[in-house]
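First the surface, then a pair of helices, then a hairpin.

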Amino acid sequence: APRSPMRFRFVHTADLHLDSPLAARALRDPALAERIGAATRTALERIVALCLETEADALLIAGDLYDGALRSMKTAAFLTRAFERLGEAGIRVFLIRGNHDAASAITKRLSLPETVHVFGGRGGTVSLAEQGVAIHGVSFRQPHAPESLLPKLPPPTPGLFNIGMLHTSLGGAPGHDPYAPCSVAELVAHGYDYWALGHIHARTVHHEAPWVVMPGMPQGRDIGEAGEKSVTLVTVEDGVAALEEHVVSPVVFRRQSHPVVAEDWAGLRTELRAALEAERAAEAETVLRLRLTGATPLAFRLRRDRALLEAELAEWAGETPGLAIDRLELDIAPPTAPAEGDPLSEVAGLMEEIAADPGFRAEAAAFLARMVEDLPPDLRDRYGEDADGQAAALDRLLAAGQADVLAALAGLPSEGPD
């Protein structure tokens, strides 16, 4: 059957995690935490503004609108008003519940406007025949969905542009629990024209014709979710979809590497202050994780006095509008190794022998594995996604520990100019 030539425009987002706290050392500063603590709400306000500006017909939220522990009725009121603003402009909202929504106390108590349609756990369809579109969706009933939810979605409606809403880990992704698993090939074979997915926090277009789109989250929450975050604007005309990515994140976490050039402490401070000046944020608050790299005569002192330099960086960043320091990382080494016969060389050799001892490595690896097991799922991949990854992480930790010991023994001046 021929498709309707009418236009249908929608914004596709997921994983807003409203009021989920942003995690960074910089946010220990109460003033900064207050200023950017409402980032997830601001992201939603920008999404609503985008819907209004582009005269969208609908907003599709593919799960995890709330955070699991969220109980704030203020957030519920804020959300209701946002949806009312859309409804007043004739913009409908289509919503599925993800794993965090299913765990939220608000989910069961929230009273939403009539212009908001929440798909149930059995799956369902809303036909907008006059606009040439059918929207299908299925929600999580419980916080866990170990089996695929795809069988709960009906076949495509003939003659319409079919959109499927699904919260899924697909084939799995680092840092994400395996929920409602299915493959891209299975989605393609189902016969829909556009899959509006959610759950994985990085934006990925997995397939075209039909479109299989994971929009990513609209606001990152820590350095592991670095970079600008966005939503996807989709315009369907005569059965053909065109996609646009729109950045909406008010706070951006960013990593920046900086090769050390200065050869004395005063020069390094001048160098880093200039580097921060060059990082002036424009549209968004920037939370920066700075990594110093290279071979430098300041290597030992940087390791010993990292906390001091990190505190100074935070002070300087506080003087730069829209900038905060998350953490200072070091990937540095002395220009030359300690000479043979030097006491530092002997200590370094002893530590190398200990680190290479099979018994010591086994004990250290077991300790690291226990520590990783106690971490939240979204932090575990920082120490390797498997046994090989954990072994590489152990090597990095041991090397850093050895470097810190050598720095402590280097006999550097405790204060005063270089």
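Accessible areas here come from the Shrake-Rupley method with a 1.4 Å probe, and for residues only the protein chains shown count as cover. On that basis I found that the protein chain exposes about 19800 Å², with carbon and sulfur atoms supplying 53% of it.

I noted that this is a predicted model, where local features need pLDDT of at least 70, side-chain atom pairs count only at pLDDT 80 or more, and totals for chains, interfaces and linings use all residues. Residues are numbered from 1 along each chain as its sequence is written, and side-chain values use heavy atoms, leaving out hydrogens and water.

Next I looked up the secondary structure: 12 helices and 15 strands (DSSP runs numbered from the N terminus; helices are H or I with at least four residues, strands E with at least two).

Then I turned to helix 2 (residues 39-53) and helix 3 (residues 73-88), which pack at about 10° with axes 10 Å apart (axes are lines fitted to C-alpha atoms, for helices over the stretch in contact; angles run from 0 to 180 degrees between N-to-C directions). That makes helix 2 roughly parallel to helix 3 (angles under 35 degrees). I listed the contact residues (heavy atoms within 4.5 Å): among them are Leu44 and Val48 of helix 2 and Phe78 and Leu79 of helix 3.

Valine 236 has alanine 241 of strand 12 as its bridge partner. The hairpin has 2 residues between its strands, and aspartate 238 in the turn has a positive phi of about 50°.

How values were computed: Angles under 35 degrees count as roughly parallel, over 145 as roughly antiparallel, 65 to 115 as roughly perpendicular and the rest as oblique. Two strands pair if DSSP finds at least two bridges between them.
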